[in-house]
Amino acid sequence: MRHLLTVADLDLVAATELLDEAERFEQALLGREVRKLPTLRGRTVMTVFYENSTRTRVSFEVAGKWMSADVINVSASSSSVAKGESLRDTALTLHAAGADALVVRHPASGAAHQIARWLDAWAVAEGRPGGPAVVNAGDGTHQHPTQALLDALTLRQRLGDIAGRRVLIVGDILHSRVARSNVLLLHTLGAEVVLVAPRTLLPVGVESWPARVSHALDAELPGADAVLMLRVQAERMNGGFFPSAREYAIRYGLSERRLALLDEAAVVLHPGPMLRGMEIASPVADSNRAAILQQVTNGVHVRMAVLFRLLIGTNEAVAV
């Protein structure tokens with residue numbers, strides 16, 4: 001792989017290899033007092049975030065540092081972007097400064113793809129072997145591939161296998177890059193995906209997705225192996241998509257009553273940040289049925305695997 005821009009670039013073999021790689025990193029770090037591997041020593045990873053983030057940004061930084069890479073964080077609000085520098089100039093500047101990988105989050109769908117095209121074209125024009133690897137850390141409402149990978153890893157660890165499992169994705173499908181990436185990856189891994197949302201929070205063309213659509217959460221919970229609750233993205237909403245937070249919680253929030261409708265072995269996921277009391281009740285989020293903090297931990301290992309695959313590019317065992 002040159003870049004990781006969308007889960008659509010991953011077939012079953014490639015996705016499984018990344019999940020296996022992430023588990024190898026987890027085992028390699030297990031029990032170490034100092035969590036450091038020499039895997040990416042001498043490499044420079046730059047995170048470029050045009051949107052606020054806690055989990056994604058921190059986990060990429062931890063992933064790079066645990067593999068001995070030099071990690072540099074670039075925030076749009078404190079860089080030349082605030083002075084009007086274009087996305088293209090920022091990308092080329094960071095490349096010229098020595099980036100081996102750019103981890104990009106941007107509010108515009110397609111931004112990471114465009115950066116990859118600019119850097120690849122620049123490398124061709126200069127006669128160089130290639131520019132930095134680009135990792136899409138979330139672009140608008142389009143894709144968030146590493147989130148889908150860490151969700152899949154969490155499901156695999158909790159359920160044993162993903163193929164044949166039924167996974168519900170509940171909530172703001174319309175504005176969610178997490179939903180789009182998870183639908184594609186879970187379908188690739190053999191799961192049955194059901195989207196549960198009000199009609200106003202479903203995108204145009206959702207019927208072409210490899211998933212079934214439902215509007216009745218209570219009817220779908222029995223028999224589900226996992227439930228992925230989505231964040232309601234109010235910052236992307238320009239109108240009234242539902243009457244009130246209370247109405248949303250009543251119809252689509254995961255309450256203790258609804259948790260009881262699930263099988264005892266079913267798993268609850270949430271990409272965070274959570275709106276407790278609206279999307280998910282606090283007792284549910286804090287229960288042993290929820291794997292929310294396990295998702296965060298797996299995020300580090302998955303991002304280690306992605307950086308390793310892009311910058312080293314081998315299927316060999318993790319160097320210790």
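**View 1. Ile169 and its partner in strand E8.** Ile169 has Leu228 as its bridge partner in E8. This is a predicted model, in which local features need pLDDT of at least 70 and side-chain atom pairs count only at pLDDT 80 or more, while totals for chains, interfaces and linings use all residues. Residues are numbered from 1 along each chain as its sequence is written, and side-chain values use heavy atoms, with hydrogens and water left out. Strand E5 (residues 166–170) and E8 run parallel, joined by four bridges. Helices (H or I, at least four residues) and strands (E, at least two) are DSSP runs numbered from the N terminus, and two strands pair if DSSP finds at least two bridges between them.

**View 2. Strand E8, covered on both faces.** Here we look at E8 (residues 226–229), where Ala226 and Leu228 on one side and Val227 and Met229 on the other are all buried (under 20% relative accessible area, with a 1.4 Å probe and protein chains only). Strand E9 (residues 267–269) runs parallel to E8, with three bridges between them. Ala226 stands opposite Val267 in E9, and Val227 has Val268 as its bridge partner.

**View 3. The open five-stranded sheet.** Follow the strands in the order E7-E6-E5-E8-E9, paired in parallel. E7 (212–214) and E9 stand at the edges with a single partner strand each, so one side of each has no neighbour in the sheet. On average, neighbouring strands of this sheet are turned by 20° against each other, direction ignored.

**View 4. Strand E3 between its partners.** All six residues of E3 (residues 101–106) are buried. Ala101, Val103 and Arg105 lie on one side, and Leu102, Val104 and His106 on the other. Strand E1 (residues 44–49) pairs with E3 in the parallel sense over five bridges, and Val48 has Val104 as its bridge partner in E3. E3 also pairs with strand E4 (residues 133–139), again in the parallel sense over five bridges; Leu102 stands opposite Val134 in E4.

**View 5. Helices H5 and H6 packed together.** H5 (residues 145–159) and H6 (residues 177–188) pack at an angle of about 55°, with their axes 8 Å apart. Axes are lines fitted to C-alpha atoms, for helices over the stretch in contact, and angles run from 0 to 180 degrees between N-to-C directions.

Key: Buried means under 20% relative accessible area, exposed over 50%, partly exposed in between (1.4 Å probe, protein chains only).
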